[in-house]
Amino acid sequence: MRSARLLAALGVLVLAAAGAESAAAPETIRFPSADGTTSLVGFLFLPGGPGPHPAIVLLHGRSGPYSSLARGVYTTATLSGRHLAWGRFWREQGYVALLVDSFGPRGYPAGFPRGSYRQRPSAVSEQTVRPLDAYGALAYLRARGDVMGDRVGLQGWSNGAMTALVTMSDTAPGITGPTRTTGFRAAVALYPGCDMDAVKHRWAPYAPVLMMIASDDDEVSPKRCQDLAARSRAAGAPLELVVYDGAEHNFDDPGRSKQSRDANRRATEDARARTARFFDANLKRRPD
């Protein structure tokens, strides 16, 4: 009986330790943007074991990486639920995940409100500036001994997904003649806006891209993304498009307001599983 109680207690301790590891706060780091002037803030989610591990750079949307309840405090303690959930998810899957704060170091830690796209400063442009942040993050990760330098992917949401599309272009700023070896190996774009000048006429990604959009998105146009995907795939682009019927913009926000809708909950579950398969195939298998 005593032995059974000891084993049960040990089991509780093991579960508690695992839960603590899952909830552990990411490490706050600083690294240079490829713009040559900006010192960026990043939040690093590290998996267990010595590595080296594949890695994923995470790019926030227009609201920035922090919760709307941050109230002027911008730290790991006030990261949004979505970014924490995805960072922890990738850590549990064996990836190093680096969430990049592009807005705070440039004076806009609270991000921008809905409908403000035309009024946002050029200092945070997803077409000319934020791709340089992505490539700065790539350089930082490649310098780490616990990261597989040729196994780094990119994931973005909304404005960050728009940044991801530009970053993966064969004419992206911050890199010359990009390939899967010199640049990112694959990218995921969740509900981007697809009406940017950088993708309106020609957009040719140099590595596989998985784009996931919501049919009931009332913030960006899913039709424009479908048109972009059709044009690009017709030209031979390595692009996969998934449309979630009935889902909304920010469908993967873990808050009750989004997840109380069946369409958003189903989209979130499928996006997690589909994205994991996509990155596993592109980042974990043996090099080409």
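Two strands pair if DSSP finds at least two bridges between them. Keep that in mind for this one. The model is predicted.

Start with a pair of residues. In E5, the partner of Ile-56 across the bridge is Gly-153. The strands here are E3 and E5, which run parallel and are joined by 6 bridges. Now the other side of E5. E5 pairs with E6, again in the parallel sense, over 5 bridges. There, Trp-157 stands opposite Leu-190 in E6. How does the chain get from E5 to E6? The path goes through helix H4, residues 159–167, and this β-α-β crossover is right-handed.

Is E5 enclosed or open? Of the 11 residues of E5, 8 are buried, so the strand is largely enclosed by the rest of the structure. Helix H4 is mostly covered too: 9 of its 9 residues are buried. Among them are Asn-159, Thr-163 and Thr-167, along with Met-162, Leu-165 and Val-166.

Step back to the whole sheet. The sheet is open and has 8 strands. Their order is E1-E2-E4-E3-E5-E6-E7-E8, and the pairing is mixed. Which strands sit at the edges? They are E1, residues 27–32, and E8, residues 239–244, and each pairs on one side only. From one strand to the next, the twist averages 25 degrees.

E7 covers residues 209–214 and pairs with E8 in the parallel sense, over 6 bridges.

H8 lies across E3, E5, E6, E7 and E8. Relative to E5, H8 runs at about 155 degrees.

How many residues are in the largest nonpolar core? That core has 44. The residues with the most contacts inside it are Val-57, Leu-98, Leu-141, Leu-154, Leu-165, Phe-184 and Met-211. Helix H3, residues 130–142, gives the largest share of this core, with 6 residues. Take Leu-141 as a case. Setting aside residues up to four places away in sequence, Leu-141 touches Leu-44, Ala-55, Val-57, Val-96, Leu-98, Val-147 and Val-152. There is also a second, separate core of 33 residues. Its members include Ala-214, Ala-276, Phe-279 and Leu-283.

Now some single residues in loops. Ser-80 is in the loop between E3 and H2. Why does Ser-80 count as buried? Buried means under 20% relative accessible area. Ser-80 has 12% relative accessibility, so it counts as buried. Beyond its neighbours within four places in sequence, Ser-80 is in contact with Pro-65, Tyr-66 and Ser-67.

The loop between E3 and H2 also holds Arg-71. Phi of Arg-71 is near 50 degrees, a positive value in a residue other than glycine. Arg-71 counts as exposed, at 72% relative accessibility.

Tyr-191 also has a positive phi, near 40 degrees, and is likewise a residue other than glycine. Tyr-191 is found in the loop between E6 and H5. Is Tyr-191 buried or exposed? Tyr-191 is buried, with a relative accessible area of 0%.

Gly-51 and Pro-52 are joined by a cis peptide bond, with omega about 5 degrees. Pro-52 has its place in the loop between E2 and E3.

Last, the whole protein. The protein has 8 helices and 8 strands. Its radius of gyration is 19 Å, close to the 19 Å that the globule rule gives for 288 residues, so the protein is as compact as a globular protein of that length. Along the principal axes, the C-alpha trace spans about 75 × 40 × 40 Å. Buried residues make up 52% of the 288. Among contacts between residues at least 6 apart in sequence, 74% join residues at least 24 apart.

Methods:
Residues numbered from 1 in each chain as written. Predicted model: local features only at pLDDT ≥ 70, side-chain atom pairs only at ≥ 80, totals over all residues. Heavy atoms only, no water. Helix = DSSP H or I, 4+ residues; strand = E, 2+ residues; numbered from the N terminus. Axes fitted to C-alpha atoms, helices over the stretch in contact; angles between N-to-C directions. Contact = heavy atoms within 4.5 Å. Core = buried A, V, L, I, M, F, W, Y, C linked by side-chain atoms within 4.5 Å. Buried < 20%, exposed > 50% of the residue type's maximum accessible area, 1.4 Å probe, protein only. Right-handed = clockwise from strand over helix to strand, strands pointing away. Rg over C-alpha atoms; globule rule 2.2 N^0.38 Å.
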